[in-house]
Amino acid sequence: MGVKVEIDEASGFCYGVVRAVNQCENYLQYSSRLYSLGSIVHNNAEIERLSQKGLVTIDIEKMAQLRNEVVLIRAHGEPPQTYSLAKENNLQIIDCTCPVVLKLQQKIESVWEEIREHRGQIVIFGKKGHAEVNGLVGQTEGNAIVVENLQDVDCLDFEKPVVLFSQTTKDPIEYESLASEIEHRCLAKFTKYDTICRQVATRHDKLASFARNHSVIVFVCGHESSNGKVLFNLCSGHNPRAYMIERPEMIRRDWFQDGDNVGVCGATSTPMWQLEEVASYIRKNITFAGLN
């Protein structure tokens, strides 16, 4: 009987990452080098592939030392200070900020201008220090408050207006729970905006169903992927036999039983080629005595 393997068709890069990788590859067709401010995607295998084409990943300190070069801004986006630095150093920018993230940045900047005189608080539900979140906080000159969970809301002043946003890749259910808690405790005006990417939001329901409908889940993502951690937790909540890996060599035979229906899926930062590689590895290496 062996095992049956199916790849989740809804997995693979989200639109923003696809757009950034495509622009990177297009540029490197005609140039031997391109700088990327931060990892273009939180996936080591994809970074290695693009590095072989000429992509060089740098941090903001290295960018400050560059002059007259070309720098790619990844889908996560950047705060205004990064663009000011680029102008000062005569750096050409290939701006791959995801359109969803860019729209959110502009909205936060606009709302901040409206509420700052009323001592209002911009609150962002997201991962502290995450690249996208840093870009969002930058729209408020560093004044936005980042909360990661329900416990973090204790730091808010509930006597002042609160406007709540979310990092685009967060769990919609967690966001609604957090919003409900803040609204319940707020003594002043409370406003929330639904800023979770629709592609990410709809993936939650689809992935939950995918996890339930397979006996084993092999979830593929980079260890730095914030979205990956969220989606893997979703999978493991619906299927106790869910395992997270970065590369095929991490797969263990004792995860599987004869007759298992194996589902292979991943984060929005996981390329489809890597999912196919993992599925092929399982088909080839997970066999049982007297079978296959």
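Predicted model: local features only at pLDDT ≥ 70, side-chain atom pairs only at ≥ 80, totals over all residues.
Strand S8 covers residues 162-166, and five of its five residues are buried, so the strand is largely enclosed by the rest of the structure. In a regular strand the side chains alternate between the two faces of the sheet. On one side of S8 lie Val162, Leu164 and Ser166, on the other Val163 and Phe165, and all of these residues are buried, which leaves both faces of the strand covered.

S8 pairs with strand S6 (residues 121-125) in the parallel sense, over five bridges. Within this pairing, Phe125 has Ser166 of S8 as its bridge partner. S8 also pairs in the parallel sense with strand S9 (residues 190-192), here over three bridges. In that pairing Val162 stands opposite Phe190 of S9. The chain passes from S8 to S9 through helix H7 (residues 172-185), forming a β-α-β crossover that is right-handed.

**Strand S2 and its neighbours**

Strand S2 (residues 34-37) directs Leu34 and Ser36 one way and Tyr35 and Leu37 the other way, and all four residues named here are buried. A parallel pairing of four bridges joins S2 to strand S3 (residues 55-58). Ser36 has Thr57 as its bridge partner in S3.

| Strand pair | Sense | Bridges |
|---|---|---|
| S6 and S8 | parallel | five |
| S8 and S9 | parallel | three |
| S2 and S3 | parallel | four |

**Cavity and pocket**

Rolling a probe the size of a water molecule over the atoms shows where empty space is left. The model has one cavity of 30 Å³ or more. The largest cavity has a volume of about 290 Å³. Its lining consists of 23 residues, and Cys14, Val17, His76, Thr169 and Thr268 lie nearest the centre. Helix H1 (15-28), helix H5 (99-115) and helix H9 (226-238) each supply at least two residues of this lining. By class, the cavity lining has ten nonpolar, twelve polar and one charged residues.

The largest pocket holds about 280 Å³ of space. It is lined by 17 residues, of which Arg74, Glu78, Gly129, Ala131 and Asn134 are the closest to its centre. The lining of this pocket has five nonpolar, seven polar and five charged residues.

**Cysteines**

A disulfide requires two cysteine sulfur atoms within 2.5 Å of each other, and the count by this rule is zero. Cys96 is in no disulfide, and the nearest cysteine sulfur, that of Cys24, is 8.1 Å away. Cys96 counts as buried because its relative accessibility is 0%. Cys197 is likewise in no disulfide; for this residue the nearest cysteine sulfur is that of Cys98, 6.1 Å away. Cys197 also counts as buried, because its relative accessibility is 12%.

**Loop residues**

Most residues other than glycine have a negative phi, and most peptide bonds are trans. Asn68 has a positive phi of about 55° although it is not a glycine. This residue lies in the loop between helix H3 (60-63) and S4. Asn68 counts as exposed because its relative accessibility is 55%.

Arg119 is not a glycine either, yet its phi is positive, at about 60°. Arg119 lies in the loop between H5 and S6. With a relative accessibility of 56%, Arg119 counts as exposed.

Ala188 lies in the loop between H7 and S9. Ala188 counts as partly exposed because its relative accessibility is 26%. Ala188 and Gly120 are 68 residues apart in sequence, and their C-alpha atoms are 9.4 Å apart in space.

Terms used
Residues numbered from 1 in each chain as written. Heavy atoms only, no water. Buried < 20%, exposed > 50% of the residue type's maximum accessible area, 1.4 Å probe, protein only. 1 Å grid on protein atoms, 1.4 Å probe; cavity = no way out; pocket = protein on both sides within 12 Å on 5 of 7 lines; lining within 4 Å. Points joined across faces, edges and corners; volume = space filled by probe spheres on them. Nonpolar A, V, L, I, M, F, W, Y, C, P; charged D, E, K, R; others polar. Pairing = 2+ DSSP bridges. Right-handed = clockwise from strand over helix to strand, strands pointing away.
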